[in-house]
Amino acid sequence: LLGQYRGAGGASSSSSGRGAKKGQEEGEIISTTAATTKAKASNKGGQARQGKGAGGAGKRQQQGRRPNLVEAQRQFFRACITQKRLDLALKYVEALDETRRDKREMVYSSLLSSCVRLNAFDSARLVHGRQVELGLGSNAFAYSMLISLAGKMRSKASLRKKWQAAKSQPSPGHGKRGGAGNGDEGTSYIHTYLGEAGTGALAAVDESDLLLEYVGHYFETSVREACCNVVVCNAALDAYGRNGCPEEVFRLHERMRDELGIEENAETFNILMQTATRTGNNALVFSLRSQMREMGVEPSERTFSILLSSVGKLQRRDVREMLETLGSGDSEAAGELQAGVTEWAFSVLEEMDAKGIGLNNHILSALFSACAIEGKGMKRCKSLLFRYMQENKAKTSKAGTAAAAAAQQPNVNVWCSFIKLCG
């Protein structure tokens, strides 16, 4: 396999610098694999020489050959992933023994996960296509990863288009904006590690629109293949929600309940609540929280974070309007806020503590912003902040890196919210 690939790579390296770079990367992969295999073989040989008699040594060496080869293959595959050479990794998977169906299925799944981790959507699409062609089967895990990756890449592509549009607009008194950055026209969020074979027709259409179409395509395919579950639904809901398609989110949720008969979990409600917050429908956030209680779905840390954030972004006038809306449809949620936003926020904190959910920077920032609406609870918030800092002091001293230590201290959002409360 390596000989064939190096032969093909050598021809291209004479005509382009990219071929030379590939050749250098291949050399690193081969060196890493060879060194690891040599060490393993030396260890096996040493164990064999310690055996009793020449016959015993020969038998042990013969038994050690196959494990050495298997270990070399594993090291080669890992090195390909580390070097981001998914083209070599795919060649390795395709060269596996066809009789070892279980191994091929496992390695294909591992390669698909690597594509997702590297944000290489076109590579993931191609690998999944090979899985289907070989009859290795599709599953909810594969479809959830593909849907989630398409949604994330579409979100990034949309941000890039906005950045390019802003860059093309002349700035007042300064002419046209210039300079290249993360939104440079040369970049792509359907980028590939498989060469030209991975792009194909993708370049002929609008990148962001195509990615969103893939979300629907993979979801419908999972339904047809009867492997759609709550994980796949959550991936699709999140993909539509993060890309500003609230109608699709709630339409899919209704279909999930009625047609597919799939029960929601905490993450499903978190996505719905987050979507409601993005659209400014804060009354719906409380209604969804009430539905969670009725269905017996346990809230997560993210649930409380979204709940506090949805109120923390409001003004006092907005809170009154939300209370009027809730009063006509959700008396329980309205009753929680009647006592005041500050009392409600600390009641949420007590519920968190009862469920064993601790504080983090996002929850603390949202709590301070909620209390700032009425300008109350200053002493309690001050005491809470000092306690949070004291509890994390020991964790900070044990943190291995500066980044880990900084993550356990109040960040800029916490301090800005606290200053807002003080003002």
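This is a predicted model: local features need pLDDT of at least 70, side-chain atom pairs count only at pLDDT 80 or more; totals for chains, interfaces and linings use all residues.
Residues are numbered from 1 along each chain as its sequence is written. Local features need pLDDT of at least 70, side-chain atom pairs count only at pLDDT 80 or more, and totals for chains, interfaces and linings use all residues, while side-chain values use heavy atoms, without hydrogens and water.

The chain has 20 helices and two strands, taken as DSSP runs (helices H or I, at least four residues; strands E, at least two). Of its 423 residues, 43% are buried, meaning under 20% relative accessible area, with exposed over 50% and partly exposed in between (1.4 Å probe, protein chains only).

Leaving aside residues up to four places away in sequence, V93 touches F77, R104, V107, Y108 and L111, where contact means heavy atoms within 4.5 Å.

The structure holds zero disulfides (cysteine sulfur atoms within 2.5 Å). C80 is buried at 0% relative accessible area, and C416 is partly exposed at 47%.

There are 11 salt bridges, each a side-chain nitrogen of Lys or Arg within 4 Å of a carboxyl oxygen of Asp or Glu. The table gives some of them.

| Salt bridge | N to O distance |
|---|---|
| D87 and R85 | 2.9 Å |
| R255 and E259 | 3.1 Å |
| R257 and E264 | 2.2 Å |

D87 and R85 are both buried. R257 is partly exposed at 35% relative accessibility, whereas E264 is buried at 8%. E259 is exposed at 56%, and a network of salt bridges links E220, R255 and E259.
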